[in-house]
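Visitor: Please pick one part of this model and take me through it closely. Then show me how it connects to the rest.

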Amino acid sequence: MKSKLLNSPFTYALGMLAMMIPVQAFSAYYSYYYVEKLGLAVGLATLARTIFLIWDAVDQPIFGYLSDRTRSRLGRRRPWLIAATPLFVISFVMIFAVPQGTTGMGLFIWFLSALIFYETVSTVLWVNYGALFPELFQGDRIRAKASAVQQVFQIAALLIASGLTSVLISLYGFPGMSMVFALVFACLMALCIITIRERTDDVAQEPLKFKEAFRLTLRNKPFWIFNIANSFAQTVNGLLSSIIPFYAKYVLHIPEDQVSLLLASIFVSVIPLVAVWYWLIRKLGGTAGWRLSLACYALSVIPLWFAFDLGSGIGAGIAAGFGLSGFLVTPAVISGQIIDQDAEETGERREGIYTAVAGFITRSSGLLSALAFWIVGALFGYVSGDQPGSHPEAAFKILVSGVPFLLLVIAFLISLGFKLSNTERKGD
């Protein structure tokens, strides 16, 4: 294999493209498929999703720790990725290929079993894929480049899945759609895995015991400051995605068939803008670049307050895309620095457990987003589309601009307390 392909930011990013296409299809349609199409009771569906979320929070640290302890001639992460790839194919198809005639409690058991299987395999993939990043790419500059490429592939995956999922469902049904995306995942993930070569000099020593590994991780102050700040910023990502349809209806007064144009203005603009942030991080370094991205993200949501139609909404969306692109690129650089410093202090690289615990912390963003929606909706009397209250326009202006601005200011202020004891490395 050509040396240029080994541990390349582009071949590594194929893993992001591979995983995000089916993940986006899953997120958009799994609930609709079971409740609307198959007739699963909403209460049972909610119970299954609750169990799914609890297991998601529990299993991440476990698999992160197990990944760090793995010793093999293939490395620590690759064996997990190799084993999980075919299992993910099976689990994804299982979600959308319910045996004909399955109803009632049988449907609930299938749904719950499929969700837990899918979530477990997904955790193995995401933890090990994410843990490879700081090991493969050493130094701020190469990490910024790799992160920028990765985010371009992520946005491409979102666009592909958003555009093709409904088309494939109409042509082949839900089972056919899942098989097509599962095949795409398997091919892209295989290309990613065969181009990865892990370092072996970092894993010769005896790994830390479970209790000690978690104790050192939980006592890492920079790690907590970084991830708490990011959880506030991550909440903004969720708010923008979920509130835009409401914002389009009540603030911009545009029809539903134009909402996709508004969403595209945000996400498509991210693709060229990540190059700007790559350049900025090379000039400023990781920490300064991260803080700047939070400040710019806060300022970039302000134009959403003043938009009043499709044209001004698209302009505001592009502005928000600039701030979003910075936030997407910079965290991977800082996360790598935290892991590098920990390795210097402990003598062991523990990318797995750090990736897993960080994922656990950022789960709070979903709760913050839901809480913001509930509070603002209650203040302005919004209950539903049938009972929008007297001032839905004000409610959704606040949710799409005011609340995100406040959350990002909080994130920026928290980031000021972030400091690493070692010197930032801006490698090639």
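**A close look at one helix**

Guide: Start with helix H5 (140–194). H5 has 55 residues, yet its end C-alpha atoms are only 25 Å apart. A straight helix at 1.5 Å a residue would reach 81 Å. That expected span is 1.5 Å times one less than the number of residues. Helices here are DSSP runs (H or I, at least four residues; strands are E, at least two), numbered from the N terminus.

This is a predicted model, where local features need pLDDT of at least 70 and side-chain atom pairs count only at pLDDT 80 or more, while totals for chains, interfaces and linings use all residues. Residues are numbered from 1 along each chain as its sequence is written, and side-chain values use heavy atoms, with hydrogens and water left out.

Where does H5 bend, and by how much? The bend is about 120 degrees, at tyrosine 172. A proline, proline 175, follows within four residues. The bend at a residue is the angle between two fitted axes, one for the seven residues ending there and one for the seven starting there.

Buried means under 20% relative accessible area; exposed is over 50%, and partly exposed is in between (1.4 Å probe, protein chains only).

Now the rings. The whole structure holds 32 aromatic pairs. Rings of Phe, Tyr and Trp (its six-membered ring) pair if their centres lie within 6.5 Å; planes under 30 degrees apart are stacked, over 60 edge-to-face, and the rest tilted. Tyrosine 29 lies in helix H1 (residues 9–37) and phenylalanine 174 in H5, so the pair ties together parts 145 residues apart in sequence. Phenylalanine 174 is buried, at 9% relative accessible area. Tyrosine 29 is partly exposed, at 23%. Both rings belong to a cluster linked by ring pairs, which also includes Phe92, Phe96 and Phe185.

Helix H8 (residues 259–284) has buried residues whose cover includes H5, helix H7 (221–250), helix H9 (286–300) and helix H11 (310–346). Among those buried residues are Val259, Leu262, Val270, Trp277 and Ile281. H8 has 26 residues and reaches 36 Å from its first C-alpha to its last, close to the 38 Å expected at 1.5 Å a residue. H8 bends too, by about 45 degrees at isoleucine 271. Again a proline follows within four residues, here proline 272.

Look at both ends of H8. In the loop between H7 and H8 sits histidine 253. This residue has a positive phi of about 55 degrees although it is not a glycine. Most residues other than glycine have a negative phi. Histidine 253 counts as exposed, at 55% relative accessibility. Just after H8, glycine 285 takes a positive phi of about 95 degrees.

Arginine 77 is in the loop between helix H2 (42–69) and helix H3 (78–96). It is buried, with a relative accessible area of 0%. Its contacts, leaving aside neighbours within four places in sequence, include Asp68, Glu198, Arg349 and Glu351.

The protein averages a pLDDT of 85, and 92% of the residues score at least 70. pLDDT is the predictor's confidence in each residue, from 0 to 100. Among the elements, H3 has the highest mean (96) and helix H6 (residues 210–218) the lowest (66). Where pLDDT is low, the predicted coordinates should not be read in detail.

Conventions: Contact = heavy atoms within 4.5 Å.
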